[in-house]
Amino acid sequence: MAGPGMIGGSRFTRNEMSGDKRHFTKHKIDRKKLLLRLWKYLGRNRLVLILAITCSVLSSVLALYGPKLSGTALDAIDLGTGNVAFDTVFRCVILMIILYAGSAILAYFLRFFMVRLSRSVTKQMRKDIFNNLTTLPVSYFDRYQTGDIISTLTYDVDTVNQSLSSDLVQILQSVVTVVVSFIMMLTIAPILVLVFAVTVPATFLFTRWLTKRVRPLFRRRSAKLGELNGYVEEMLSGQKTVRAYGREQAVLDRFDQKNDAAVEAYTKAEANGTITGPSVMAINNVSLAMVSVFGAIMLAMGRVTLGNLNSFVQYSRKFSGPINEFANILAELQSAFAAAERCFGLIDAESEKPDAEDALVLDHVTGDVRLENVDFSYDPGKPIIQGLDLHAAPGSLTAIVGPTGAGKTTIINLLMRFYDVEKGSVYVDGHDIRNVTRDSLRKAYSMVLQDTWLFHGTIFDNIAYGKPDATMEQVVAAARAAHIHSYISRLPEGYNTVLSDNGTSISKGQKQLLTIARAMLLDAHMLILDEATSNVDTRTEQHIQAAMRNLMKGKTCFVIAHRLSTIRSADNILVLDKGQVVEQGTHESLMAQKGFYYRLYQSQFDSVS
C-alpha cells in the first residue's frame, strides 16, 4: 500500500470525508464460477486430490459389496428343508469382514488426505486474500470496516475449510454410493428401480427450489456477522473514549441490536436450511415403503429370492441415504458458498492502479513540488479541493493550516498519491507524479502522523522499520535526536524491549517520539509532519522542534499545523478554507494582512487566555 514512506501511522484520518464506513459486502458470484474457482484451489494439490478420490471410490465400493454377500448368505438357507450351506455362509461372512475392514482403513486415509487438502486450500486462500489486501488503495480501507474484513479473513475462510474437509468427503462418498447402489439394484431387480423414477425427481426439484430460497439467507447471515465483528472491533479499540463519556449502556444497546440482527439472520438461514433434511427423508421413506410392498409381491410371485430382496432393500437404503445426507449438508454448502463469495470478493477487489510501463523511477530527488489547478473530491458532487495552486521550493518548509474539514490532510493524500487528482496535476522535480512509480514517489518522503502506529516487535525493529538494514549505531543516533534514547536505556531490555498491542505499555508521547525517531532514520528527500508533536509535553516539544529543524535541513517539508505557534518560521504558510487557498505567505506577512490567518491565530491565543 503505502510502502516504507508511510512512517508515522497506518494511514491518514480523512476528516474531510463525509459519511461513515460502509459494511463489507460483495457482489454475487455465479455458482458455477464459484465451484470452478474452488476446484482450481483443489487442483493445486493434484496428487493429494487424486489419492483422496481413489480412497473415496475404493472405500465406498468395498462397503457396497457387503449387501450382495449378505443376500448370497441368506440364499444359502433352504427355506423349504431348513438346510444351510455353511461353507457359503462362512465364506460370505469372512469376505464381508475383510471388505468392511478395508473400507474403514481407506476411509481413515480419505479423512487424512482431505484434512491436508483443505488445510492447503485455506492456507492459500488466506494468503491470496492478504496479498491482495496489501495491494488495495487506501480508499478501500476508508470505505469498509476493518472488523468486517477480518471476519472474512478468519470466519469465512474457516467456513470454507469446514465445508471442504467434511462436506466434500460426504459428497464424494455419496456420489459413489448412489452410482454403485443403482447399478447393483439394476442387476438384482430392474423393475423395482422404477420406484425411484418418482421419488428422485421429486427430491431434486424440492432441493433445487429450497436452494434458491436459502442461499440469500446464508449470504445475509455472513454479512450480519461481519457487521457485528466490525462494531466489536470499533468499540474495543475505543474503550477509553467510551468510558470517559459514560457511553457503556449506549454501546451495549447498540451491540444488542447488531447481535439480535445477526442471530435473526442466523436463525432464518438455519431454520430454512434444516427443512431440507426432514423433507427429503420423508420422500425417501415413501420410496422404501414402496420398495418393500412391491418387493413382497414379487417374492410371493417367485420373481425374486429372499436374499435378493434383502440385498435390494439394503441397496435402496444406501441409494436413498446419500440423497438424504446431501440434503442435510445442503444448508452447510449454502453457508460455504456465501462465505466463499465474500472471500473471492476480497481476492477480486481491484488493486491500486498499476504504474505505467514507462513510469519514471524518481532518483536524486531535489524536492521541487508543484500543484497546479488541482481539483479533488472523495464523493462526486462534494468537492474538497478546488483550483489549488502551490509551489514548494527545494529545502523549503510549507505549513498547511485551516479549520477542520478544510482539506489539509487531503493535500498530503494527493502528494503521496494515496488518491489521484481529478483535475490538474501534481509535479515533483518537474515530473507529473502520475507518470512516476508509486514506490519511488513514496520512498522520497518520510512521514510522521498524529495517529501513531507501532507493531509487535522490538523497539529497534520499530525504529528501523523504514530502513531494515540500519545498524544499532544509526538507530541509537535517531533515538537520541528524537529525545527518546534516555527512556529506552532505562528499560530492562533496552532496544530489545518487545512492544505489543500497538505499544499500549508506553505513553502516547513516547509512542510519538518512537515514530519521530523512525522518520529521522529514513534518509528521504521530503518530509511530511501531521502535527507530529501533539502528544508530547511543552518542554519535550521544544527539544523535538530543534531536532526537527536539523532533520529538515536541505529537505522539502510539509507540516499540517493545528497549533499555529509552531509554524512561525515556515517559508510559506498555506491557509485553506473549504478546499480553497484563501491566503498564502509567511507568518509576518499574513499577520500584517489581518485576514483569515490573523483571526485563526488570535482565536487560539484568546482561547488559551
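What follows is a guided reading of a predicted model, taken region by region.

Leu 95 belongs to a nonpolar surface patch of about 510 Å², which is made by Phe 86, Phe 90, Ile 94, Leu 95 and Ile 98. Leu 95 itself has a relative accessible area of 37% and is classed as partly exposed, because the partly exposed class runs between the limit for buried residues, under 20%, and that for exposed residues, over 50%.

Asp 128 makes a salt bridge with Arg 44, and the closest N and O atoms of the two residues are 3.7 Å apart. Asp 128 sits in helix 4, whereas Arg 44 sits in the loop between helix 1 (31-43) and helix 2 (46-64), so this contact ties together parts that are 84 residues apart in sequence. Asp 128 has a relative accessible area of 17% and is therefore buried.

How many salt bridges does a search of the whole structure find? The search finds 14, and another of them joins the side chains of Asp 148 and Arg 342, with an N to O distance of 3.1 Å. This pair links distant parts of the chain, with Asp 148 in helix 6 (residues 146-188) and Arg 342 in helix 11 (residues 306-348), 194 residues apart. Asp 148 is buried, at 0% relative accessibility, and Arg 342 is also buried, with a relative accessible area of 5%. Elsewhere, Glu 352, Asp 355, Arg 438 and Arg 442 are linked with one another in a network of salt bridges.

Beyond helix 11, the loop between helix 11 and strand 1 (369-376) contains His 364, and Asp 363 is found in that loop as well. Both are on the accessible side of the cut-offs: Asp 363 is exposed, with a relative accessible area of 55%, and His 364 is exposed, with a relative accessible area of 67%. His 364 has a positive phi of about 55° although this residue is not a glycine. As for Asp 363, its C-alpha lies 9.2 Å from that of Leu 441, although the two residues are 78 residues apart in sequence.

Helix 12, covering residues 408-415, is mostly covered, and eight of its eight residues are buried. Among these buried residues are Lys 408, Thr 409, Thr 410 and Asn 413, together with Leu 414. Just after helix 12 comes Arg 417, where phi takes a positive value of about 60°, again in a residue other than glycine. Arg 417 lies in the loop between helix 12 and strand 4 (423-428). At 7% relative accessibility, Arg 417 counts as buried, whereas His 364, which also has a positive phi, is exposed.

Asp 432 counts as buried, at 12% relative accessibility, while Arg 434 counts as partly exposed, at 31%.

The last stop is helix 17, residues 508-521, in which Met 520 is found. Met 520 is buried, with a relative accessible area of 14%. Its C-alpha atom is separated by 9.9 Å from that of Gln 474, a residue 46 positions away along the chain.

Methods:
Residues numbered from 1 in each chain as written. Predicted model: local features only at pLDDT ≥ 70, side-chain atom pairs only at ≥ 80, totals over all residues. Heavy atoms only, no water. Patch = residues over 30% accessible without salt bridge, like charges linked within 9 Å, V, L, I, M, F, W, Y side chains within 5 Å. Areas by Shrake-Rupley, 256 points an atom, 1.4 Å probe, with all protein chains shown as cover. Salt bridge = Lys/Arg side-chain N within 4 Å of Asp/Glu carboxyl O. Buried < 20%, exposed > 50% of the residue type's maximum accessible area, 1.4 Å probe, protein only. Helix = DSSP H or I, 4+ residues; strand = E, 2+ residues; numbered from the N terminus.
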